[in-house]
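Student: Please take me slowly through the core of this model and the sheets around it. I would like one connected account that I can follow on screen.

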Amino acid sequence: MPEIKVTPLGAGQDVGRSCILVTIGGKNIMLDCGMHMGYNDDRRFPDFSYITDGPLTDYLDCIIISHFHLDHCGALPYMTEMVGYNGPIYMTQPTKALCPVLLEDMRKVAVERKGETNFFTSVMIKDCMKKVVTVTLHETLQVDSDLEIKAYYAGHVLGAAMFHIRVGSQSLVYTGDYNMTPDRHLGAAWIDKCRPDLLISESTYATTIRDSKRCRERDFLKKVHDAVDRGGKVLIPVFALGRVQELCILLDTYWDRMNLKVPIYFTMGLAETANKYYRMFITWTNQKIRRTFVHRNMFDFKHIKPFDKSYMDNPGPMVVFATPGMLHAGLSLAIFKKWASNANNMVIMPGYCVQGTVGHKILNGAKKIDFENRTSVEVNLTVEYMSFSAHADAKGIMQLIRHCEPKNVMLVHGENAKMEFLKQKIMQEFNINCYKPGNGETSIIPVSIDLDVEVSLPLLKHTMALPTSSSSSSSSSSSSSSSSSSSRGNNTEENRTKKQKVLHGVLIMKNNNLRIVGVNEAWGDLGVTAHNLRFTERIEVDETGPVPALTSALHTLLSQKLGSSQVQAVNEFQLSVADSVFINIQDDEPGKTILLSWTHQDEGLGSKLLDIIKSNYKKS
Ligand SMILES: [Zn+2]
């Protein structure tokens, strides 16, 4: 039984460091190559030595990267340039443009700010990106003669894609991160009804069914408004290419409507990065942005102004959007350190934070954060979490499964307890297997092989023209035929078409193709001549007279039994019956031998003749 083997090297019962090793139809593929943002040691990168003792390039057929978030691509230069991999890497055009930007950003934080030594260089990032092959949405790309991949729009962030991977009749879908509902700047994820053997889905929000978008937005605006009303400062840590566009549009409109004067800032780097890439990949955004973007800058807001570092110490209320989103480094962390001890202030985390980051710690109620340089801050400000991050929620995941109809589901990129809940739900609702392997744990998913067999048209026509025998129609298993049996005689067109027919043919395997054809077609197709199969029976008898006398006696006997038109004398020692059964008489002193020969098509007639002769000419 063929099987698909899946081993997560990261994101198995965990969020962060997505890296999933898949073997399908003899091909080895790595899905994403992420890093764990919560660790600074070896646990940061996947353990590539697990894959093979030999060179990675010999073992892996390709790497596929779903989107630019570092927990999906952060380990890529380490793997290709430091561990060593020279094979192809597939990603979309926007991901290829944005990956190196985020990688370089992270490298700077790690090497220049934290002073790490064993880290990839800028040159390595560039060399790594040279190995990237870009894929266009909905275009089937042949990795080699057997392996093909196809990308679909995933929403989530600019350039994010889901991948359909196929080897022969086996296939799987890897979602990466995706969002099933459209937002202000991106569309919703979409995929063909491709019925894969396996769907590997993220499950970040496996148990969350998010309240309506409008509720969430009202809640967010109220919280910001209340905080600035009491004179507090509000920090919103964001990623330049994530939710920030959504939130800015929302806040700007609200400030206008409420006629608020409190300053809102965004950090310059953030706006520049966002503008540049949204402009470059405008076709990946949603319709509305495409229409308005021609006229305005993504950060051309009435109330939101560029931020200067010196503003951090300004007295009075303000709202600041700053990167990065999980408070693990950079300006957002610097501002947090300044503002954290004041109970009047507020930080709003608009997305998921991976374990180990400051964002994750404060969301879990930490009241004091220790930093590596032995400093620490008291957390007195209000910590709010608003799920604006564009992942599918439980409803979205179920919706995707319903739409793409996989034969098995695997959950990754989620927390174990939440995945377990969703797993039970999936198995109940869809009656299919659901897996959720941990890191380093291999799941083996058996797949059945579907073979496409072509049937020749002449054979089909011939079969359809044959009268349906009563026994074959009664063997019909369709429920409608049994219900119609009460109205026997009412032989409607519908009833006739439901009758089953048995098709007799020859199965031909040629040029990797399977066809069922008629016998004569098969001879022509294969260039062989027909063989005739004949059976011959020897009957020894005690007759002592001359051979012609026995021939004549047999002629008379058989004519009586079968009708004289059936039996012909060929010569003095040979008869033929129905032109196909032959009877030869040989003189075998002292008796005679009758040789009876018939084709397998005339099995009935042959046996009958054998019975007649044997019962009339017994050897004593
Ligand atoms: Zn993501």
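Tutor: Let's begin with the contacts: among those in the protein with a separation of 6 or more, 71% join residues 24 or more positions apart. Two residues are in contact here if their C-beta atoms, placed from the backbone, lie within 7 Å. Keep in mind that this is a predicted model, where local features need pLDDT of at least 70 and side-chain atom pairs count only at pLDDT 80 or more, while totals for chains, interfaces and linings use all residues. Residues are numbered from 1 along each chain as its sequence is written.

The protein has 20 helices and 30 strands, taken as DSSP runs (helices H or I, at least four residues; strands E, at least two) numbered from the N terminus. Its radius of gyration is 39 Å, well over the 25 Å that the globule rule gives for 620 residues, so the protein is more spread out than a compact globule. That radius is taken over C-alpha atoms, and the rule is 2.2 Å times the number of residues to the power 0.38. The C-alpha trace spans about 135 × 65 × 45 Å along its principal axes.

Now to the core. The largest nonpolar core has 137 residues, and M162 and I200 touch the most other members. Such a core is a set of buried Ala, Val, Leu, Ile, Met, Phe, Trp, Tyr and Cys residues joined through C-beta atoms within 7 Å; buried means 20 or more other C-beta atoms within 10 Å, exposed 12 or fewer, and partly exposed in between. Domain 1 (3-209 + 390-436) and domain 2 (213-385) both contribute residues, so this core lies between them; the bounds come from an automatic or database domain assignment. Leaving out residues up to four places away in sequence, the residues that M162 touches include Y152, A154, V173 and I191.

Strands β10 (residues 170-174) and β11 (residues 198-202) run parallel and are joined by three bridges; two strands count as paired if DSSP finds at least two bridges between them. An open sheet of seven strands, with mixed pairing, has the order β7-β8-β9-β10-β11-β20-β21. At its edges stand β7 (140-142) and β21 (433-435), each with a single partner strand, so one side of each has no neighbour in the sheet. On average, neighbouring strands here are turned by 20° against each other, direction ignored. Helix α12 (residues 394-404) lies across β10, β11 and β20 (408-412), running at about 160° to β11. Axes are lines fitted to C-alpha atoms, for helices over the stretch in contact, and angles run from 0 to 180 degrees between N-to-C directions. Helix α13 (residues 416-430) also packs on the sheet, touching β20 and β21, with its direction at about 170° to that of β20.

Another open sheet, of six strands, has parallel pairing in the order β14-β13-β15-β12-β16-β19. Here β14 (304-307) and β19 (382-385) are the edge strands, each pairing on one side only. Two bridges join β12 (residues 233-237) to β16 (residues 346-349), and V234 stands opposite M346 in β16. Helix α10 (residues 330-339) lies across β12, β13, β15 and β16, at about 150° to β12.
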